[in-house]
Amino acid sequence: MTDTQNAILRVGENEYPCPLLTGTENETAFDIRKLRAESGLISFDDGFGNTGSCESAITYIDGDAGILRYRGYPIEQLAEKSSFLESSYLVLYGELPTADQLERFRRRVQENAAIHTAMEHHFDGFPSHSNPMAVLSAMLNSLGCYYPEMASNRREEDLERFDEAAAMLLSKVRTIAAMTYRMKMGKPFTFPRRDLNYCQNFLHMMFSDPYHEYEDTAGLAEALDLFFLLHADHEQNCSTTTVRMVGSGHANLFASVSAGVCALWGPLHGGANQAVIEMLEEIHDSGDDGSRFIEDAKNGKARLMGFGHRVYKNYDPRARILGKAAERVLAAIGDANDPLLAIARNLEKSALEDEYFIERKLYPNVDFYSGLILTAAGIPVEFFTTMFAIGRMPGWMAHWKENASDPKARIHRPRQIYQGANQRDYLPIDQR
Ligand code: SDX
């Protein structure tokens with residue numbers, strides 16, 4: 001029941017007004033912040049699928065229409081006209097930078113490319129089979145030890161140093177990923193170069209050797225830039241909500257994004273891009289063209305990784321852009337007939353025509369094609385989720401800052417409905 005300003009919650013004989021909260025895109029919520037105090041009741045929404053945890057001005061998604069905007073700018077326009085660094089500035093600070101602002105930001109990121117030499121020894125302690133996400137989370141948190149002045153856990157101080165910390169994390173997340181690859185390959189670390197842009201430097205740190213300079217002959221740095229840009233933010237997904245949760249306790253930025261890396265790791269979230277390639281390879285190796293796999297997905301025997309989304313009940317706009325980019329990149333490396341791309345296109349076509357997927361509004365998501373681009377760039381599959389983390393770093397940091405800057409922000413502490421044993425008395429062990 002709603003009147004112009006309030007929803008009314010009726011429980012038995014009692015009525016409780018719930019103010020309505022409406023956003024700039026006319027999404028409307030029941031504001032239940034006073035519900036428990038006034039009624040003793042709480043809401044229940046496991047997985048938070050119907051619950052707004054905050055007000056945010058960073059990213060807008062309309063899942064039904066397949067709309068994604070960073071600070072009001074459509075992802076399609078940013079993908080065509082912007083760069084990862086420029087979009088990172090936009091996500092972090094809310095406005096597209098002037099040329100001067102972008103140059104200052106670029107320089108600050110560039111100057112932070114190398115890590116403290118003492119941190120190189122951390123890699124000696126990781127086994128070569130370590131998962132890159134475990135290394136990344138540990139190393140990002142360790143950064144706070146080397147720059148304690150930016151990781152004080154005193155809100156005002158951490159906010160004052162945010163610009164430096166953000167540029168440092170945006171730059172070093174890429175360096176740490178590359179160093180992890182070199183460690184796992186048993187190769188010496190490659191120092192960053194000052195004459196290369198963000199993605200060129202990443203590929204250089206990954207693939208250049210003391211005796212051989214990596215050459216990006218297929219324009220892969222450009223494809224990676226688009227990949228990172230498309231991953232820069234996605235409102236209250238699992239990992240970003242984790243960053244806000246950890247930051248809400250006034251934990252510093254380094255600890256908060258380190259927690260975000262762990263939340264991203266799972267195959268239902270950021271780990272899906274790796275799971276997609278493994279799925280495509282499994283289908284290819286089995287001689288199936290995808291038809292059998294679709295049937296398995298429909299009867300619950302398999303999950304079509306890279307398909308489906310909690311919010312998008314339409315085509316994920318990022319998947320559409322990445323699908324075209326994958327075709328361009330594969331053609332550029334002379335692999336236009338990559339069998340995995342053909343299987344992916346066949347899976348997509350079959351799924352989009354199949355009642356099971358149509359009924360459940362299951363469409364390709366950001367992870368469905370992204371792995372083909374990363375494979376073409378020579379990135380090992382086990383680094384795919386790490387690549388997602390690099391792209392998502394600006395979003396995580398923007399959300400940490402948005403929460404930290406809100407004077408009304410409180411520590412995140414959901415309630416629960418207890419379903420355990422009622423009170424009972426302790427039994428001595430000889431009576432159990
Ligand atoms: C990301 O939140 C974000 O914004 C995330 C992200 C970001 O940018 O941060 O967009 C990045 O994480 C994208 C999603 C990557 N994950 C995957 O691709 C894994 C495969 N997808 C699914 O596991 C699933 O679709 C989720 C996890 C993405 C969404 O899960 P939901 O919303 O909890 O949906 P659900 O599991 O309740 O499924 C609803 C129905 C079920 O069938 P029924 O019980 O109704 O019969 O759809 C089915 C599911 O079985 N279903 C699938 C399916 N996804 C859902 N069936 C087959 N294959 C799938 N992929």
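**View 1. Lys-298 and Asp-354 pair up in this predicted model.**

**View 2. A salt bridge joins Glu-382 to Lys-184.** Here the closest N and O atoms are 3.3 Å apart. Glu-382 lies in the loop between H18 and helix H19 (384–404) and Lys-184 in helix H8 (residues 162–185), so this pair ties together parts that are 198 residues apart in sequence. Glu-382 counts as partly exposed at 31% relative accessibility, whereas Lys-184 is buried at 15%.

**View 3. Arg-193 meets Asp-195 through their side chains.** This salt bridge has an N to O distance of 2.5 Å. Arg-193 is partly exposed, with 28% relative accessibility, and Asp-195 is exposed, with a relative accessible area of 53%.

**View 4. Strands E4, E5 and E6 make an open antiparallel sheet.** The three strands follow the order E4-E5-E6. Strand E4 (59–62) and E6 stand at the edges with a single partner strand each, so one side of each has no neighbour in the sheet. Two bridges join E5 to E6, and Arg-69 stands opposite Pro-74 in E6.

**View 5. Arg-71 has a positive phi in the loop between E5 and E6.** Most residues other than glycine have a negative phi. Arg-71 is not a glycine, yet its phi is about 50 degrees. The loop that holds Arg-71 runs between strand E5 (67–70) and strand E6 (73–74). Arg-71 is partly exposed, with a relative accessible area of 21%.

**View 6. Lys-361 also has a positive phi.** Its phi is near 55 degrees. You will find Lys-361 in the loop between helix H17 (355–359) and helix H18 (367–376). At 42% relative accessibility, Lys-361 is partly exposed.

**View 7. Four acidic residues form a negative surface patch.** The members to pick out are Glu-278, Glu-281, Glu-282 and Asp-285. Glu-282 is found in helix H13 (residues 272–285).

Conventions. Residues numbered from 1 in each chain as written. Predicted model: local features only at pLDDT ≥ 70, side-chain atom pairs only at ≥ 80, totals over all residues. Heavy atoms only, no water. Patch = residues over 30% accessible without salt bridge, like charges linked within 9 Å, V, L, I, M, F, W, Y side chains within 5 Å. Areas by Shrake-Rupley, 256 points an atom, 1.4 Å probe, with all protein chains shown as cover. Lys, Arg positive; Asp, Glu negative; His and termini not counted. Charge placed at Lys NZ, Arg CZ, Asp CG, Glu CD. Helix = DSSP H or I, 4+ residues; strand = E, 2+ residues; numbered from the N terminus. Buried < 20%, exposed > 50% of the residue type's maximum accessible area, 1.4 Å probe, protein only. Pairing = 2+ DSSP bridges.
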